[in-house]
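Hi,

Here is the structure we talked about. Please open it alongside this note; my findings follow below.

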Amino acid sequence: MADCYLAFEQAILAMAPEPMPFNWQVKADQVWFIQGAQYDGKTTLLKSALGLISLIDGDVALYGQLLHQLGPTELQRARQHCSLIMSRSGLIEPWTVFDNLALPLHYLNLCKSNQLSQRIVELMQQYQIPLSLLDQTVNELSHEWRQQISFLRALATKPLLLLVDAAKPLRADDSCVSQFILPYLQQPEVSLVMVADPAMHQQLPLQKHYQTLSLQRGHVIIEESAHDTDAA
Amino acid sequence: MWFKDTFFDRLHDTSQLFEHLGGSLRALSHKIAFLLYMQVDAFAGLPLLVQPKGYAVRLQLWQQIFFTAFQPFRLTLFIGCGIGFLAIFPFLVLEIAQIELLALTYQLMIYNTMIPLMCLLIVIGRSGMAITTEVANYRIEHTLECLLSMGIEPNQFLVLPRILGIAIALSLMGFWMTFAALFSSSILYQWTFSVAFSAVFESCMSTLSFQSLLIHHLQMFGIAVLLVSIHCYYGFISLTTTDLARNVPRAFVRSLISCLILIITIMELSNG
């Protein structure tokens, strides 16, 4: 797997008015906090990273592969090592929690059918989610539970790159940060790009190299690494 | 001066008309391209039905068949009985005791026209609206983006099982409705003209040839493709709940008109 997970080169985000081109790379073991106000292009940036939205100009490469050169099957394969968590849960509401969690594992052949139940139970126990939820449909769950199941489904595929969008920038005291993101970041080679509160890096006990990317009406400003500054 | 003003006004109006027509044509071609892409992309996922990883697609297929064909079973039978009564009503009023004429009515009017039409109305009202709402909810809740990020193609995951499920369900509903119509007609015919139930039933059944059955199933498949594509399209373009509220009735009207045109065309072609 390429060391550089995600790379934007001379990219112009699909926004009006047309923003300036930017270069940006996300490498293994990096944490990026995305900051910006509403309509500044945070979601557009994350969707562009997976090729869900086309850029006005420039290239996006995922694991060293230029997205615009990939066919549908190759694109699907490239996206399998990423997980995107959107501001809404993104779950299939008429289905049970079990079916929602089983979907990526089954579809991506990450787990054999006879081991599926065991794998899902392990996952629920690992992140301390009650097993009684498994048989409930998503419609029956509260907003908080939906968000937690959404995180669980994203982490079930063991992605190397986790992209987290949020309607409100995530804070260090948010339950999903302490319950899912921090434990997952303990694993080697995992990178995170997350819409986060400006004070997040001061509050999180992160071992990884972290940087901040600010967005202003689609203009990308990459700030100096806080980690490097501290080290200097 | 008067002529010039009017002429230039007309010219301006005409250019606006062409601009408007151009815009409408462009929008229409965009819509058709979207629908065609959706259908081709969905049918490219047919191998998923037999692959182990296609479990979710098969699950949705069964759910769609159950929801469309089995849940409104009693309603389908009731409407079938109503069609049978309407088919025989003129015979009862005018006291025409000709089984052959009744069989001909079934052949020309009931099998490939009335029954597909009534099945269509039930399916659009129940499943069509539900499909638009469900797909729009997936759009609003960002489920489509999550599916794509997991490497799952939404057209194959959402559209394909619904097309196949509704095609199968329509065929099943057509069968039940035909049976109910024949049953009610035969009972009433026997009661009024004292002709054996089996004689009426068999006479009407005898007009059901292999060709008419084939046409019936092709018609149902065509209706399913059109109906699901239109309802999914209106679901996909709904970005907010306000859009959804606007698009549900639009989807109903468009799919009803398109399927009616299809039914009438096939009826004309099959009857020469």
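A:Arg153 is buried yet makes no salt bridge. The nearest side chain of opposite charge is B:Glu145, 9.5 Å away. A salt bridge would need a side-chain nitrogen within 4 Å of a carboxyl oxygen. Bear in mind that this is a predicted model.

Where does A:Arg153 sit? It is found in helix H5 of chain A, residues 143-156. What is A:Arg153 in contact with, leaving aside neighbours within four places in sequence? From chain A, the list is A:Ser89, A:Gly90, A:Leu91, A:Ile92, A:Asn100, A:Leu101 and A:Pro104. From chain B, B:Cys146 and B:Met150 are in contact with A:Arg153.

A:Ser150 lies in helix H5 of chain A too. Is A:Ser150 buried or exposed? It counts as buried because its relative accessibility is 5%, and the cut-off for buried is under 20%. Not counting residues up to four places away in sequence, A:Ser150 touches A:Ile85, A:Ser89 and A:Leu91. Of these, A:Ser89 and A:Leu91 are also in contact with A:Arg153. For a distance check, take A:Ser150 and A:Ala199: they are 49 residues apart along the chain, and their C-alpha atoms are separated by 25 Å.

Next, the sheet in chain A. Four strands form an open sheet in the order E2-E1-E4-E5, with antiparallel pairing. The edge strands are E2 (22-27) and E5 (65-66) of chain A; each pairs on one side only. Strand E1 of chain A, residues 4-12, pairs with E2(A) over five bridges, in the antiparallel sense. A:Ala11 stands opposite A:Phe22 in E2(A). Helix H1 of chain A (residues 42-49) packs on this sheet. H1 touches E1, E2 and strand E4 (57-62) of chain A, and its direction makes about 120° with that of E1(A).

Last, helix H7 of chain B, residues 197-206. Which of its residues are buried? B:Val200, B:Phe201, B:Ser203 and B:Cys204 are. They cover an arc of only 165° around the axis, so they are on the same side of H7(B). B:Glu202 and B:Ser206 are exposed, on the other side of H7(B). What covers the buried residues includes helix H4 (99-140) and helix H6 (154-193) of chain B.

Best wishes

Methods:
Residues are numbered from 1 along each chain as its sequence is written. Chains are lettered from A and ligands numbered from 1 in the order in which they are written. This is a predicted model: local features need pLDDT of at least 70, side-chain atom pairs count only at pLDDT 80 or more; totals for chains, interfaces and linings use all residues. Side-chain values use heavy atoms; hydrogens and water are left out. Two strands pair if DSSP finds at least two bridges between them. Helices (H or I, at least four residues) and strands (E, at least two) are DSSP runs, numbered from the N terminus. Contact means heavy atoms within 4.5 Å. Axes are lines fitted to C-alpha atoms, for helices over the stretch in contact, and angles run from 0 to 180 degrees between N-to-C directions. Buried means under 20% relative accessible area, exposed over 50%, partly exposed in between (1.4 Å probe, protein chains only). The arc is that of the directions from the helix axis to the C-beta atoms. Lys and Arg count as positive and Asp and Glu as negative; His and the chain ends are not counted.
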